[in-house]
Amino acid sequence: MAVTDRVQPPPPTTKQQPSRDKSVKRLAFSHKVSKWDVKLSPYLYISPFFLLFAVTGLFPLAYTAWVSLHSWNLIGGKGAFTGLENYEFVLAQPFFWNAVGNTFSIFLLSSVPQVVLAIAIAAVLDANLRARTFWRMGVLVPFVVAPVAVGLIFNNLFADQAGLFNEMLTGIGLDPVRWHSDSLASHAAIATMVNFRWTGYNALIFLAAMQAIPRDVYEAATIDGAGRLRQFFSVTVPMLRPTIIFVVITATIGGLQIFDEARVFDQAGLGGADRQWQTLTMYIWELGWGQRNFGRASAVAWLLFLIIVLIAMANFLITRRIATQGGRR
C-alpha cells in the first residue's frame with residue numbers, strides 16, 4: 001500500500017509578524033495618549049484662567065510691589081531705589097490710619113446686614129410666589145445699574161439741606177441728620193448704597209444654594225412637626241454654610257476695596273472736608289493722581305492687599321471652624 005504524504009500547513013509568512021507588531025504599537029500608543037488626555041485635559045481646560053490671571057492680576061501685583069520700592073513720580077517716572085521708605089512714610093501718616101478706620105467701619109456696616117438681608121430675600125424667593133421669575137430678575141436690577149449713577153442718586157437722597165430722608169425726618173418732627181458732616185452718618189449712607197447694589201446679587205447666590213437642598217429633608221422636617229421658621233434655622237441655614245463662607249469672603253474682598261460709592265458721595269471726591277469717609281482706595285487715588293507719587297500709592301496698595309489677605313484668611317478659618325462644629329453637632 002502506498003503511504004500518502006500528509007499535507008503540511010504552509011509556514012507563516014514573514015509579512016504578518018510586522019503587521020502585528022505595528023498594531024500592538026498603535027494600541028500601546030493610543031493607550032498612552034488616552035492616559036495623557038485624562039491627566040492633562042483638566043489642566044488645559046483651566047489654563048486660560050491662570051494665563052489671564054497671570055497677565056491681568058499677578059503681573060500688576062508684582063509690578064506694584066516693584067514700584068513701591070522706588071521713588072516713582074507721575075511726571076519724572078522711575079527714580080532711585082528707596083527700599084521700605086515709602087512704607088515707613090505711609091505708616092507714619094495719620095491720613096492712612098484714618099482711611100483704615102473708615103474702610104473697616106463702612107465694611108462692617110455694609111457686609112453684615114448685606115449677608116443677613118440676602119439670606120432672607122433668598123428664602124422669600126424660594127417660596128411658591130406668583131411671577132417668581134419677575135421678582136428674581138427684579139432683585140438683580142440694582143446690580144446692573146452703574147455705580148456712579150447709584151452714587152449720584154443716593155447723594156441727592158442723603159443731601160443735608162433738601163434730601164429726601166432729611167425731609168422725611170423733619171416731617172415727623174425729628175432733627176435732620178448731617179449726612180456729609182458726621183462720620184458715622186456718612187458711613188451709614190455709603191453702606192446703604194453698597195447694600196442696595198450687592199444684596200440682590202448675593203440673594204441669587206443663596207437662592208441657587210437653597211434650590212440645591214434636597215426637598216426630602218424638608219418633607220422629613222415637616223413630618224417631625226417643624227414649622228417654616230424652624231426649618232429655616234435648623235435645615236436651610238446649616239446647609240448653606242459653604243455658600244455663606246463664599247459670600248463672606250467675597251464680601252470682605254469687595255468691601256475693603258470700596259471706591260465708587262464713597263468717591264461720588266460728594267462733588268470734591270476727597271472723602272469729606274475732614275476726610276470723614278475717605279477709604280484706603282480713595283487715599284491711593286489721592287497719592288497717585290493728586291500728589292503724583294506712585295511709589296507711596298503703590299505702598300498703600302500693597303498694604304491694602306496684605307490687609308485683605310489677612311482678613312479673608314481669618315474669615316475663612318472662623319467660618320470653617322463654625323461649620324465643622326455645626327456638622328459634628
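Reader: What share of the 329 residues is buried?

Author: Buried residues make up 33% of the 329 in the protein chain. Keep in mind that this is a predicted model.

Reader: And how much accessible surface does the chain have?

Author: About 21,200 Å². Carbon and sulfur atoms account for 67% of that surface.

Reader: How many helices and strands are there?

Author: The protein chain has 14 helices and 0 strands.

Reader: What part of the contacts comes from residues 24 or more positions apart?

Author: 65%, counted among contacts with a separation of 6 or more.

Reader: Switching to aromatics. How many aromatic pairs does the structure hold?

Author: There are 17 aromatic pairs. One of them joins tryptophan 198 and tyrosine 201, edge-to-face, with 5.6 Å centre to centre and 90 degrees between the planes.

Reader: Where do tryptophan 198 and tyrosine 201 lie?

Author: Both lie in helix H8, residues 183-211. They are 3 residues apart, about one turn of the helix.

Reader: Are tryptophan 198 and tyrosine 201 buried, partly exposed or exposed?

Author: Tryptophan 198 has 29% relative accessibility, so it counts as partly exposed. Tyrosine 201 is at 33%, so it counts as partly exposed too.

Reader: What about phenylalanine 232 and phenylalanine 233?

Author: They form an edge-to-face pair, 5.1 Å centre to centre, with 85 degrees between the planes. Phenylalanine 233 has a relative accessible area of 53%, so it is exposed.

Reader: Which residues form an aromatic cluster?

Author: Phe154, Phe158, Phe165, Trp179 and Phe196 form one.

Reader: Which arginines have a charged end over a ring?

Author: Arginine 263 sits with its charged end over the ring of tryptophan 285, 4.6 Å from the ring centre. The charged end of arginine 296 sits over the ring of phenylalanine 89, 3.6 Å from its centre.

Reader: Now loops. Where is tryptophan 72, and is it buried or exposed?

Author: Tryptophan 72 is in the loop between helix H1 (16-68) and helix H2 (85-91). Its relative accessibility is 14%, so it counts as buried.

Reader: What does tryptophan 72 touch?

Author: Leaving out residues up to four places away in sequence, the list includes Tyr63, Trp66, Val67, Gly77, Lys78 and Gly79. Arg292, Asn293, Phe294 and Gly295 are among its contacts as well.

Reader: How far is tryptophan 72 from arginine 296?

Author: Their C-alpha atoms are separated by 8.2 Å, though the two are 224 residues apart along the chain.

Reader: Last one: where is arginine 275, and is it buried or exposed?

Author: Arginine 275 is in the loop between helix H12 (260-263) and helix H13 (280-290). The cut-off for buried is under 20%, and arginine 275 has a relative accessible area of 17%, so it is buried.

Reader: What does arginine 275 touch?

Author: Phe95, Asn98, Asn102, Leu270 and Glu286, not counting residues up to four places away in sequence.

Terms used. Residues are numbered from 1 along each chain as its sequence is written. This is a predicted model: local features need pLDDT of at least 70, side-chain atom pairs count only at pLDDT 80 or more; totals for chains, interfaces and linings use all residues. Side-chain values use heavy atoms; hydrogens and water are left out. Helices (H or I, at least four residues) and strands (E, at least two) are DSSP runs, numbered from the N terminus. Buried means under 20% relative accessible area, exposed over 50%, partly exposed in between (1.4 Å probe, protein chains only). Contact means heavy atoms within 4.5 Å. Accessible areas come from the Shrake-Rupley method with a 1.4 Å probe; for residues, only the protein chains shown count as cover. Rings of Phe, Tyr and Trp (its six-membered ring) pair if their centres lie within 6.5 Å; planes under 30 degrees apart count as stacked, over 60 as edge-to-face and the rest as tilted. A charge sits over a ring if NZ of Lys or CZ of Arg is within 6 Å of the ring centre and within 35 degrees of the ring normal.
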